[in-house]
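This report describes a two-chain model, taking its parts in turn. Please keep the sequence and the structure in view while reading.

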Amino acid sequence: MLVDTHAHFYHAKTPRADWHERNESRLRAGKRIGITTHVASILGSWGLTSPIYFPSPRDVTAGNDALLALQREHPDTIRGYVCVNPNYTAHARAEIVRCLDAGMIGIKLAASRRADDPLLDPIGVLARERRVPVLQHIWQHRRRDWPGQEASDAVELCALARRHPDVSFILAHIGGGGDWLHSLHAVADVPNVYVDLSGSGVDGGMLEACLESVGAKRLLWGTDLTMDTGWAKLRYLEALLTKEEVALVRWKNAAQIFPAGAFPSD
Amino acid sequence: MAPRVDVNAFLGAYPWRKVPGTSPEALAKALDRVDIDTAWVTHLPGLFWRDPTEGNAWLYETAKKQRRFKPVPTVHPGMAQWEQVIADAANAGAPAVRCDPLYLGLDPTGGEMRVLAAACGAARMPLMLAVRLEDGRQRHPNDRAGDLPAAAVRALLRADGDVRLLVTHADRGFVEEVHFGSTPEEARRVWWDICWIWGPPEDHLATLLATVGVDRFVFGTGQPLRLAETSVAKLDLLELSSDARGAIEFKNAQELMA
């Protein structure tokens with residue numbers, strides 16, 4: 001088993017004319033790599049009718065609907081995170097309930113509101129009630145605000161995680177940009193924060209630092225926008241870890257934090 | 001099976017963060033791990049020294065001891081007797097020399113770089129340049145060297161009709177800007193390493209191989225700053241003929257040196 005805990009798909013109402021080709025490419029590469037489940041999210045309209053990281057409620061719903069359709073089309077390989085914008089609390093909570101009831105298995109928080117903001121608490125409460133993990137988009141060591149997103153870093157995510165100790169939080173794409181060492185120091189002693197290995201970054205020393213910080217038991221494998229880098233990190237981990245430890249990163253840790261039965265052969 | 005040549009590797013410590021595997025012994029082990037036969041290596045600390053050529057003697061000595069390493073010495077065209085570095089490189093059988101102007105405080109399209117391009121062209125010595133060594137989003141606050149601009153590569157190609165360039169750590173947009181912003185003759189004098197070009201689902205590498213051509217790309221990793229597995233994985237994710245793969249992993253690098 002190999003679970004990609006950080007995947008994305010596109011749909012027709014996005015700026016990308018090649019959306020279908022990109023989706024197919026992900027599935028084709030997934031077969032080559034041996035991915036058994038893509039746990040994916042769609043961030044609204046990907047900027048077509050509202051900003052990627054500040055999606056309107058209408059676009060949030062449309063994106064989630066598109067992902068549910070993909071999940072139905074590929075019941076053995078695609079699972080969904082329900083993406084929400086926490087600034088619209090009632091809509092976010094309703095959307096979580098609707099999409100989890102329809103078979104999604106986690107919650108995706110992008111960068112619509114800082115992770116330590118109290119507006120995220122109702123979502124944390126719902127995540128605990130439904131026993132699903134929360135994948136939080138992270139800018140590793142955010143030194144300032146970046147345009148187009150209200151990004152959070154690991155310190156801010158850990159503040160939320162400490163307020164909701166029974167919820168599993170996933171720190172997104174440790175290789176996705178920024179100072180990953182800052183993040184790894186921050187999450188070391190917060191046991192309900194897991195580190196997802198996705199992102200284009202393949203820095204020498206990054207995986208060793210991940211293991212030193214959280215160990216193999218809190219690492220989740222993923223790809224995000226670059227599947228080649230994900231595969232490379234997996235190959236390197238196979239040189240660093242025992243088979244049992246590699247299995248934790250490949251799927252066993254994911255199976256532990258996602259709902260029972262989330263993965264077809266789970 | 002054709003040999004696999006990594007045209008983009010380093011030896012020695014990186015000043016901005018802890019990087020494992022920077023010794024010659026560790027790099028040799030990494031080459032074994034990913035089945036790389038030969039690596040073109042640069043002395044990494046020297047890139048940050050006021051006189052980067054001070055690392056070249058160590059590099060030559062190390063390459064003599066480890067035959068899988070081919071030395072790529074650094075040249076600084078703003079320093080006296082810089083031409084000697086090119087002559088020494090030719091005598092040592094180096095596959096290329098390198099100059100990263102923004103790390104040396106040089107104007108990447110300025111007179112010194114143009115004269116260097118001409119000297120490399122005359123000596124038939126390929127000139128290597130990196131667009132970047134690290135993602136700009138994660139650099140140390142004091143690491144302020146800018147990325148090499150694509151305009152600089154175009155300018156160097158135009159500066160001398162014989163110069164051949166090896167550009168590493170370029171992404172799709174950079175490659176396209178230079179390739180389609182050059183004449184076909186100019187574009188035939190630049191080779192690109194694949195280490196920074198995205199694979200699926202964006203498929204940037206597949207696109208470039210189809211639009212720019214297989215013959216323009218060489219296998220490079222950027223190790224040990226980057227995992228060498230990445231460049232292998234990129235190729236494993238493509239539907240390449242054995243000829244095309246052999247060209248990227250070996251033959252095109254030979255053409256670059258010819």
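A residue is called buried if 20 or more other C-beta atoms lie within 10 Å of its own C-beta atom. The model is a predicted one.

## Helix α6 of chain A

Helix α6 of chain A covers residues 180-187. Of its 8 residues, 6 are buried, so the helix is largely enclosed by the rest of the structure. The buried residues of α6(A) are W180(A), L181(A), S183(A), L184(A), A186(A) and V187(A).

Which elements are included in what covers the buried residues of α6(A)? Two helices of chain A, α5 (154-163) and α7 (206-214), are included, as are two strands of chain A, β6 (169-171) and β7 (193-196).

## Chain A as a whole

Chain A contains 9 helices and 8 strands. Its radius of gyration is 17 Å, close to the 18 Å that the globule rule gives for 266 residues, so chain A is as compact as a globular protein of that length. The C-alpha trace of chain A spans about 45 × 40 × 35 Å along its principal axes.

Buried residues account for 57% of the 266 residues in chain A. Taking the contacts in chain A between residues at least 6 apart in sequence, 72% join residues at least 24 apart.

## Strand β2 of chain A

Strand β2 of chain A runs over residues 37-41. All 5 of its 5 residues are buried, so β2(A) is largely enclosed by the rest of the structure. Both of its faces are covered: T37(A), V39(A) and S41(A) are buried on one side, and H38(A) and A40(A) are buried on the other.

Strand β1 of chain A, residues 3-8, runs parallel to β2(A) and is joined to it by 4 bridges. In this pairing V3(A) stands opposite T37(A). In general, strands of a sheet pair through backbone hydrogen bonds, either parallel or antiparallel.

## A sheet in chain B

Chain B has an open sheet of 3 strands in the order β1-β2-β3, with parallel pairing. The edge strands of this sheet are β1(B), residues 5-11, and β3(B), residues 69-71, and each pairs on one side only. From one strand to the next the twist averages 35 degrees.

β1(B) pairs with strand β2 of chain B, residues 38-43, in the parallel sense over 5 bridges. V5(B) stands opposite T38(B) in β2(B).

## A helix pair in chain B

Two packed helices are described by the angle between their axes and the distance between the axes. For α3(B), residues 83-91, and α4(B), residues 111-123, the axes come within 11 Å and cross at roughly 30 degrees. Angles under 35 degrees count as roughly parallel, and α3(B) and α4(B) are therefore roughly parallel to each other.

α3(B) passes α4(B) in a right-handed crossing. The contact is made by E83(B), I86(B) and A90(B) on the α3(B) side and by A119(B), C120(B) and A123(B) on the α4(B) side.

## Where the chains meet

How many residues of chain A are in contact with chain B? There are 27 of them, in contact with 24 residues of chain B. On the side of chain A that touches chain B, α1(A), residues 19-33, and α8(A), residues 227-240, each supply at least two residues. α8(A) gives the most to that side, with 9 residues.

Methods
Residues are numbered from 1 along each chain as its sequence is written. Chains are lettered from A and ligands numbered from 1 in the order in which they are written. This is a predicted model: local features need pLDDT of at least 70, side-chain atom pairs count only at pLDDT 80 or more; totals for chains, interfaces and linings use all residues. The radius of gyration is taken over C-alpha atoms; the globule rule is 2.2 Å times the number of residues to the power 0.38. A residue is buried if 20 or more other C-beta atoms lie within 10 Å of its own, exposed if 12 or fewer, and partly exposed in between; C-beta atoms are placed from the backbone. Two residues are in contact if their C-beta atoms, placed from the backbone, lie within 7 Å. Two strands pair if DSSP finds at least two bridges between them. Axes are lines fitted to C-alpha atoms, for helices over the stretch in contact, and angles run from 0 to 180 degrees between N-to-C directions. Angles under 35 degrees count as roughly parallel, over 145 as roughly antiparallel, 65 to 115 as roughly perpendicular and the rest as oblique. A crossing is left-handed if the near helix is turned anticlockwise from the far one by less than a right angle, and right-handed if clockwise.
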